[in-house]
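Subject: Structure handover

Hi,

Here is the structure we talked about.

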Amino acid sequence: MAPVPSPHSLSSLVTWLTSRINYERQPVRLAASLRLDAIRELLKRLGDPHLAYPVVHVAGTKGKGSVTRMLASILHQAHYRTACYTSPHLFKLNERFAVDGLPIADDALEQLIQGMRPIVDACDEFYGEQRLTFFDICTALAFQYFAQQRVAVAVIEVGLGGRLDSTNVCHSDLSIITSISFDHTRQLGHTLAEIAKEKAGIIKRRIPVLIGCLPEEAASVVGGVAEEHQSPVVQLGRDFQIVDAQLHSSGAHFEVDFTDAAQFAGQTKVTVSIPLLGVHQVENAALAVAAARLLELKGFHQLLEAVPKALAEIEHAGRIEIVSSQPTLVLDVAHNVAAIEALLSTLQKQVPHWRVARRRWLILAISRDKDFRGMIARLVPHFQEILLTEFLENPRARSTGELRLAAEKRLASSTAPGDAPVNSPSACRIREFESPQAAWVTAYSEMGAEDLCCITGSLFLVAELAGLIKASLHDTIPGMSAE
C-alpha cells in the first residue's frame with residue numbers, strides 16, 4: 001500500500017489549495033459577483049506584504065504573460081532583485097512565483113502554504129460564504145513570498161480582466177494594458193468597450209499607463225478612465241514606434257523608436273532581438289522596452305542597457321514553440337480567436353516548412369467557455385488531419401462531439417476567413433480521441449518527416465502533452481529529430 005501523504009506535505013497542501021473555488025477549473029461567475037474584500041482582509045492579517053515593494057501591474061487579453069516575463073527579465077538583468085507573478089502555470093504550481101527567474105522551491109512553497117492556511121481558515125470564518133478562492137490565495141502567497149525575499153520590484157500579471165481581479169489590490173507604480181480583444185465575454189462584457197472598462201480598472205490615480213495598439217473603441221475607453229484618474233497614457237503606435245522589423249524563422253530583430261515622444265525624455269532608439277516567433281511578440285517586447293524606460297524615469301537605473309541581453313535570452317514555453325524540425329512540431333497555448341489568428345499568421349510568415357509540408361496535422365482541445373466555433377472556423381481550412389480531443393486534468397474541456405460538428409460545418413462552408421484555403425470534406429480527415437495522449441500517439445505513429453503538426457487550443461492541452469512529446473523526441477525514432 002502506498003504511504004498516505006502527511007497533511008502538511010506539499011502535495012497535501014496543494015490539494016487543499018486546488019480544492020478551493022478555482023475558476024481555472026470551473027466556469028467563472030459573473031464579474032458583478034466578484035469582490036476583493038476577502039483578499040484585502042487576508043493581506044491585512046499578513047501585514048500587507050503587497051505594499052512592501054514597487055509593482056508593475058500588467059493586464060491584457062493577449063500578451064500580458066509575455067510582457068510580464070520580458071520586463072522581469074530586463075529588471076533582473078539590470079541587477080534588481082525581481083519578482084514575477086504569472087498564471088496559470090504550465091507544468092507546476094511553483095512556476096507562478098518566481099524571483100530572479102527562478103520558481104519558488106518546493107520546501108519554501110510548502111512552508112508558505114502551511115503558514116497561510118490557518119489565516120485563510122480564519123478569514124473564511126470571518127466572511128462566511130464569501131470564501132477565498134484558489135486565485136485569491138495564490139495571489140496572497142505571491143505577495144507574501146516576494147516580501148520575504150525582499151525583492152526590489154515585482155511584475156504582476158492580472159489573472160482575469162483587471163478591475164475585480166485578485167491582483168488589483170496592489171498599489172502599482174506603472175500599469176500596462178497589452179491588448180484588448182474578445183475573451184471571457186460572460187464575465188467582462190460582450191463589446192470591446194465593456195471589456196476595456198474592466199481591464200482599465202487597474203489604472204491608479206496619477207500613475208502612468210502604458211498601452212499597446214488597442215482598437216479605437218477600446219483605446220477611447222482606456223483613455224477616458226485614465227483621464228478621470230489624471231494618469232498619463234503612453235501608447236504604442238502613437239507615442240513610440242516599432243521600426244525596421246525583420247522577422248525570421250528563429251525570431252525577430254527590430255528597433256523601438258522613442259525619438260518624437262516627450263514622455264521618454266530624450267531617449268531615441270533601442271535595438272532589440274528576440275528568439276520568439278510572431279509579430280505579436282515584437283509588440284510585446286516593444287511594450288516591455290517602453291516600460292523599462294518609464295521605470296528609468298521613476299528612478300530605476302540602466303534598464304535600457306540591459307534590454308539586448310535580457311530579451312535575446314527570453315524563453316516562453318508553449319508560445320508558438322517549435323520543438324522538432326522533422327516533422328515540424330509546434331506547441332501553442334492559443335485559446336481565443338485573436339490568438340489563433342496570430343498563430344496562423346506566424347506559421348505562414350516565419351515557419352518555412354508551413355507552405356511545403358506534405359501534410360498538416362492539428363491536435364485540438366478547447367475549453368467550454370471559449371469561442372470554439374470561431375477558433376475552429378479559422379483553423380480547419382489549413383489542416384488535412386484534424387485530431388480532436390479533451391484534456392483530462394481540467395474538467396472545463398468542450399466535448400469532441402461538439403468540436404467535430406463545428407469542424408464539419410466549417411468544411412461544408414463555401415468561404416473561409418481571410419485568404420485561407422477551403423478544405424473539402426474529402427481532403428480533410430477528422431478524428432476524435434478520448435485523451436490528448438491517444439491523439440498524440442496516433443499522430444506520432446502516422447506522421448512523416450515532411451509533415452507539420454500543430455498542438456493548440458488551450459494551455460491545458462499543451463500542459464498535458466508537452467512532456468510526452470519532448471520525451472518521445474529524445475527516443476531514437478526514425479524520421480523524428482528534436483531541434
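Helix α3 (residues 64-77) and helix α9 (residues 279-296) have axes that come within 9 Å and cross at roughly 45 degrees. That angle makes α3 oblique to α9 (under 35 degrees is roughly parallel, over 145 roughly antiparallel, 65 to 115 roughly perpendicular, the rest oblique). The crossing of α3 past α9 is right-handed. On the α3 side, the contact (heavy atoms within 4.5 Å) includes Met 70 and Ile 74; on the α9 side, it includes Ala 288 and Leu 295. By class, the contact of α3 with α9 has 12 nonpolar, 3 polar and no charged residues.

This is a predicted model: local features need pLDDT of at least 70, side-chain atom pairs need 80 or more, and totals for chains, interfaces and linings use all residues. Residues are numbered from 1 along each chain as its sequence is written, and side-chain values use heavy atoms, without hydrogens and water.

Next pair. The axes of α1 (residues 10-18) and α5 (residues 134-148) come within 8 Å and cross at roughly 130 degrees. So α1 is oblique to α5. Trp 16, Leu 17 and Thr 18 of α1 meet Phe 134, Ile 137, Cys 138 and Leu 141 of α5. That contact has 6 nonpolar residues, 1 polar and no charged.

Last, the serine. Ser 435 sits in the loop between β16 (429-432) and α15 (436-446). Ser 435 counts as buried because its relative accessibility is 13% (buried is under 20%, exposed over 50%, partly exposed in between, with a 1.4 Å probe and protein chains only). A polar atom of its side chain lies 3.0 Å from the backbone nitrogen of Ala 438. Leaving aside residues up to four places away in sequence, Ser 435 touches Thr 389, Glu 390 and Leu 392.

Best wishes

Key
Helix = DSSP H or I, 4+ residues; strand = E, 2+ residues; numbered from the N terminus. Polar contact = N/O pair within 3.5 Å; in protein donor to acceptor, adjacent residues only side chain to side chain. Axes fitted to C-alpha atoms, helices over the stretch in contact; angles between N-to-C directions. Left-handed = near helix turned anticlockwise from the far one by under 90°. Nonpolar A, V, L, I, M, F, W, Y, C, P; charged D, E, K, R; others polar.
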